[in-house]
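This briefing covers the sheets, helix packing, cores and backbone exceptions of one protein model. The sequence and coordinates come first, followed by notes grouped by topic.

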Amino acid sequence: MTTADPPLAGTGTGTHARTGIAGLDDVLAGGLTVNRLYLIEGVPGSGKTTLAMQFLLEGARRGERVLYVTLSESNDELAAVAASHGWSMAGINIRELSASGESLMPDDQYTMFHPSEVELAETTKAILAEVERIKPTRVVFDSLSELRLLAGNALRYRRQILALKQFFSGRRCTVMLLDDMTSVDHDLQVQSIAHGVVLLEQLSPDYGAERRRLRIVKYRGVKFRGGYHDYIIRRGGLDVFPRLVANEHRGTATMEKLASGVRELDLLLGGGIERGTSTLLAGAAGTGKSTLAAQFVWSAAERGQKAIIFIFDEGIHTLLTRTAAMGLDLRKHVESGRVFLKQVDPAELSPGELAHACRQAVEEQGCSVVVIDSLNGCLNAMPGERYLIVQLHELLSYLGQASVATILISAHHGLIGSAMVSPVDASYLADAVILLRYFENAGEVRQAISVLKKRGSAHERSIREFRMGQGRIEVGPPLRAFRGILTGVPVVDEKAGAAKDAPK
């Protein structure tokens, strides 16, 4: 399209055709440039047909004439796909060029196409005649595998695709070609011809549901969002989660302090945690990390602020019951809409989906506190630790710029002693690190809390006793009479304690 051409009716922005998938339009910087030819590649089951149908349905919704040319699926199969998503095919013209029943007769078994459609020229003639009759602004070809087989050789195939491109270039039509990548030798002929290429991938982990992601291989003249973007296929079509880029959301963070409501804990933290920062709660299982995070969430809700907890490791009912026993009535805040609890199944979660859910919580629900409980569960949803660290960095940067107080929970392997390790070291990413440890004293297992790191404000260097009982959280005075608390087996040092407490 030249600058003198008028905007096209029903194409979205005039120069771009919306795909009907908000996340994909975001990745494509607005959609597909109109009057161009695009290639959608992916193995069977990756969602090519679903994407193409959403593209045509969006055009029909905008009043455009659209055409679906199928060489591999029947009308009934396409109708079944549409019905599974709750779509109506009204407004979509379908031209079926697949094999007929007569091709299975003994005399015709030399090809799976009807004799009248064996030659590529005949097939192309039928396609072009349908285009001339309907005059669509959006066309989908499904799939190129059949055209490749009919062409017989690479030269004829490339020339045929070039001829199709030239034919549509003068007819103000946006064309989408689907390729199932089933050929033994995957060629790049169409990639070089197409204006843009979208690659759909389907991954099969050792456990859990399959994972899907897409990548824009090329898109001429457009600054699209590169890299891999997770997506899922649900009832209603593809849902794409654009890769989170923190630099696109820069803003001035508010460093407001958020008190926990427990006086001694706030003294230890120098007044509380700050908005725009991230806090890591680390410790062995059962030391009170989730309860401590719930204390901050409850306190924020009491002040009228909103918060969300992403729960990986326990059920929502268990969380509400356990916190209620500690005097934290989260249920009333859940019912009032101030606290959101989102149960996450690591076996079903994609990394991009978690980042997208965090964005929704901040931008749509207005949450000022976000809790991820826990990083161990989050790690199980990631393809590898190195990816988790990079994703966490972008996510924490985004949340910090959005003035959100983020609380991360990490459970150490082991219960006591100096050999305890974390499955992923996120301590350098967090602005504050709160350590909870078990220690032994007088035949009892007790808990200690300390702040190892806190950027931007002063905090206590002391180690205090941490207790959960009698319907509340209790933080005791500094444990000055002990040495070696962090080892788990401290020794009493009465003289050291007396010297510390002596008046100066």
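The secondary structure of this protein comes to 15 helices and 24 strands; helices (H or I, at least four residues) and strands (E, at least two) are DSSP runs, numbered from the N terminus. The model is predicted: local features need pLDDT of at least 70, side-chain atom pairs count only at pLDDT 80 or more, and totals for chains, interfaces and linings use all residues. Residues are numbered from 1 along each chain as its sequence is written, and side-chain values use heavy atoms, with hydrogens and water left out.

**Overall**

- Of the 504 residues, 52% count as buried (buried means under 20% relative accessible area, exposed over 50%, partly exposed in between, with a 1.4 Å probe and protein chains only).
- Among contacts with a separation of 6 or more, 68% link residues 24 or more positions apart; contact means heavy atoms within 4.5 Å.

**Sheet with S3 to S11**

- An open sheet of nine strands runs in the order S5-S4-S6-S7-S3-S8-S9-S10-S11, with mixed pairing; two strands pair if DSSP finds at least two bridges between them.
- Its edge strands are S5 (92-96) and S11 (237-241), and each pairs on one side only.
- The twist from one strand to the next averages 25 degrees; axes are lines fitted to C-alpha atoms, for helices over the stretch in contact, and angles run from 0 to 180 degrees between N-to-C directions.
- Strand S4 (residues 66-70) pairs with S5 in the parallel sense over five bridges, and the bridge partner of Thr70 in S5 is Glu96.
- Helix H2 (residues 48-61) packs on this sheet, touching S3 (37-42), S4, S5, S6, S7, S8 (196-203) and S11. The direction of H2 makes about 160 degrees with that of S6.

**Sheet with S14 to S22**

- Nine strands form an open sheet in the order S16-S15-S17-S18-S14-S19-S20-S21-S22, again with mixed pairing.
- S16 (339-343) and S22 (472-478) stand at the edges with a single partner strand each, so one side of each has no neighbour in the sheet.
- Neighbouring strands of this sheet are turned by 20 degrees against each other on average, direction ignored.
- S21 (residues 463-469) and S22 pair in the antiparallel sense over five bridges, and Arg467 stands opposite Glu474 in S22.
- Helix H9 (residues 289-302) packs on the sheet, and the strands that H9 touches include S14 (278-283), S15 (306-311), S17 (367-373) and S18 (405-411). The direction of H9 makes about 165 degrees with that of S18.

**Nonpolar cores**

- The largest nonpolar core has 38 residues, and those with the most contacts inside it are Phe310, Phe312 and Val370; such a core is a set of buried Ala, Val, Leu, Ile, Met, Phe, Trp, Tyr and Cys residues joined through side-chain atoms within 4.5 Å.
- Elements giving two or more residues to this core are S14, S15, H12 (351-363), S17, H13, H14 and S19, and H14 gives the most, with seven residues.
- Leaving aside neighbours within four places in sequence, Phe310 is in contact with residues including Lys342, Leu354, Val370 and Asp373.
- Apart from this core lies another, of 36 residues, among them Ile311, Leu341, Val371 and Ala405.

**Helices H5 and H6**

- H5 and H6 pack at an angle of about 125 degrees, with their axes 8 Å apart.
- The two helices, H5 and H6, are therefore oblique to each other (angles under 35 degrees count as roughly parallel, over 145 as roughly antiparallel, 65 to 115 as roughly perpendicular and the rest as oblique).
- Residues making the contact include Leu144 and Leu147 of H5 and Tyr157 and Ile161 of H6.
- H5 is mostly covered, since seven of its eight residues are buried.

**Backbone exceptions**

- Most residues other than glycine have a negative phi, and most peptide bonds are trans.
- Asp142 and Ser143 are joined by a cis peptide bond with omega about 0 degrees; Ser143 is in the loop between S6 (138-142) and H5 (144-151).
- Asp373 and Ser374 are also joined by a cis peptide bond, with omega about 15 degrees; Ser374 is in the loop between S17 and H13 (375-380).
- Arg172, not a glycine, has a positive phi of about 45 degrees, lies in the loop between H6 (154-169) and S7 (174-179), and counts as partly exposed at 37% relative accessibility.
- Ser403, not a glycine, has a positive phi of about 60 degrees, lies in the loop between H14 (385-401) and S18, and counts as buried at 6% relative accessibility.
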